[in-house]
Amino acid sequence: MTTSMAASCSLVCCGEESDIDKAVIVRFSNGSVKNADNLDFTMFKNTDDNNPRKRSRRILVAESDRLSYVGNNFGTGSLKCNNHCKYYVGVLNKQTMQMELHNAELFNMQPVIPGEKTDAKPQDTTLTYRDKVDSLIEAFGTNKQKRALSSRRLNQVGSDALHQAVAKAANTVIDQKGLEALQQEVAETESQRELSLHIPPCNAEADKPENVYPFEDLLSPVEFGALEQCGSKFEALTPEELQKMRDDGGCLTVVKHLENMPSVGEARDKIARCAFYLSLLLKLARQKSITRKFGQEEGCPRILQSKVFQTFTVETFNKGRVQNIVSTSMRAKVAAYSLALLLHMGHMMADLTLLHRDLGITEARMIEIAKSMGLTLIRPARVKGEEAEPRDEHRHASLVLPLVKYDQFLERRKRKKMH
C-alpha cells in the first residue's frame, strides 16, 4: 500500500499594491455563470485622478451574446462590504508552488436589459417632510393611517376655502370703504384699547365736567378720610418750607397748589389731602421698583399704600422673591390718574408742562395722554414785539364738554421736504 503526500506550497505577500493592481471578484445577482469563458470583461476608471473620492471609482462591464452585466463600486448599487472589510485573493503558481496574495474588491454584477432606462428618477426636492410621509402612508400605510390622512386633507381643503372666503370679503370691504379709512378705524380701535387700560373710569355722557372722571373713582370716601392727618401736615407748611421744597427740586405741581390753596374751609382741606396723594403718585412714577416700606416715611396710611401697590404696580419674581415694579404702562396710568386729580384740584384746568416734568416723562407722551382723556389743549398765543412782557408758555389742558375726539392720522407730524 502506497501513500501519496500532497505537495507543499508557500505563501508570498505581494507588498503594497495600488488600486489598479487589485484583483476583481464578481458576483452575479441573478445566479451563477456556467461558462465564464464566454464573457468579455471590461474595466472603466474615473478620469479625475486629483479628486480623492472619484479616482477610486470603477465600473466593470461583462458582455455576452445574450446579456450584458454592469457593476460598480460607488453609488446605490455598490456593495457596502467593500468599506467595512478587506478581501484578498490567492493565486497559486503551480511551477514554483508559491501562492501570491493580492488585494481584492467585490463587484455586484446586475443584468442590463436593452431599452430599459437605468437612470433613477430624481427626487423632488420641493416636497416637504410632511408630503413625503403622506406619500409613504398612501403606499404602505394601514387603513387607520389612510383614514386619518384623508380626514386631515379634507380639513385642509375646508381651511383653504375659509381663508379664500375671508380674503375675498376683506378685499370687498377694502374696495367699498377704502384703505385709508380702514387704517384710521384700526388705529382708533387700537388706540382706544391701549389707552383704556390706563385712563381712569370715564363717563363720557356726563352732564357736568366734574362727573366725567368722578372724584370717588380716584379717591374713595374711605381713602379720602384716611388722608386727614396727612392733609393737616400739608396745611401747616409755612412759606419757608414750601420754598425749601421748591429749591430741593420737589414736586412743583404740588407746591403750586399748596401756595394757591384757599385760606380756610373744606376746599383748603380737600386741596391739602389731594396734594399729599398727588405727591405720592409723582414719587412713584420716578421709581422702577418699590418695596413695602414705600410711603412710610411720609406717614402714608395703610389703605393708600395698598391702593398704590394694587393699582399702579406689577408683581414680578426676582431671585425667588416677589417684587413690585412700575412698568412703562403703569407709569402712563399714574400720569393719567394724576392729571384727573389735578383737574379736580384746579377747577377742571391742569398745567401739563409742570406735570410732565414732575412725572419724568416727555411732553409728547403727556400730550398723548391728555388727548386720550378727551381734554382740550390750551397754549397761550405768542406775543410779537420786543417790549412784550414775558408770559407763561406752559401748556394747559381743560375738561370741556363735549370731550374732544382727536384724529389719529391728522395729528401726526409730516416730514419737511428737502429742497
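Strand S5 spans residues 68-72 and contains valine 70. The structure described here is a predicted model. Valine 70 has a relative accessible area of 31% and is therefore classed as partly exposed, since that class covers values between 20% and 50%.

Two packed helices are described by the angle between their axes and the distance between the axes. Helix H12 covers residues 328-345, and helix H13 covers residues 352-359. Their axes come within 11 Å and cross at roughly 140 degrees.

An angle over 145 degrees would count as roughly antiparallel; H12 and H13 are therefore oblique to each other. The crossing in which H12 passes H13 is right-handed.

The model has ten salt bridges. One of them joins the side chains of aspartate 134 and arginine 152, with an N to O distance of 2.7 Å. Because aspartate 134 lies in helix H2 (residues 129-140) and arginine 152 in helix H3 (residues 143-177), this pair ties together parts that are 18 residues apart in sequence. Aspartate 134 counts as buried, at 4% relative accessibility, whereas arginine 152 counts as partly exposed, at 30%.

A further salt bridge is formed by the side chains of glutamate 223 and lysine 307, at 3.5 Å from N to O. Glutamate 223 belongs to helix H6 (residues 221-226) and lysine 307 to helix H11 (residues 302-312), so the pair ties together parts that are 84 residues apart in sequence. Both glutamate 223 and lysine 307 are buried.

Which residue forms a salt bridge with glutamate 368? The partner is arginine 365, and the closest N and O atoms of the pair are 3.1 Å apart. Glutamate 368 and arginine 365 are both in helix H14 (residues 363-372); because they are three residues apart there, about one helical turn separates them.

Are glutamate 368 and arginine 365 buried or partly exposed? Glutamate 368 counts as partly exposed, at 37% relative accessibility. Arginine 365 also counts as partly exposed, at 22%.

Elsewhere, salt bridges that share partners join Arg130, Asp134 and Arg152 into one network.

How values were computed:
Residues numbered from 1 in each chain as written. Predicted model: local features only at pLDDT ≥ 70, side-chain atom pairs only at ≥ 80, totals over all residues. Heavy atoms only, no water. Helix = DSSP H or I, 4+ residues; strand = E, 2+ residues; numbered from the N terminus. Buried < 20%, exposed > 50% of the residue type's maximum accessible area, 1.4 Å probe, protein only. Axes fitted to C-alpha atoms, helices over the stretch in contact; angles between N-to-C directions. Parallel < 35°, antiparallel > 145°, perpendicular 65-115°, else oblique. Left-handed = near helix turned anticlockwise from the far one by under 90°. Salt bridge = Lys/Arg side-chain N within 4 Å of Asp/Glu carboxyl O.
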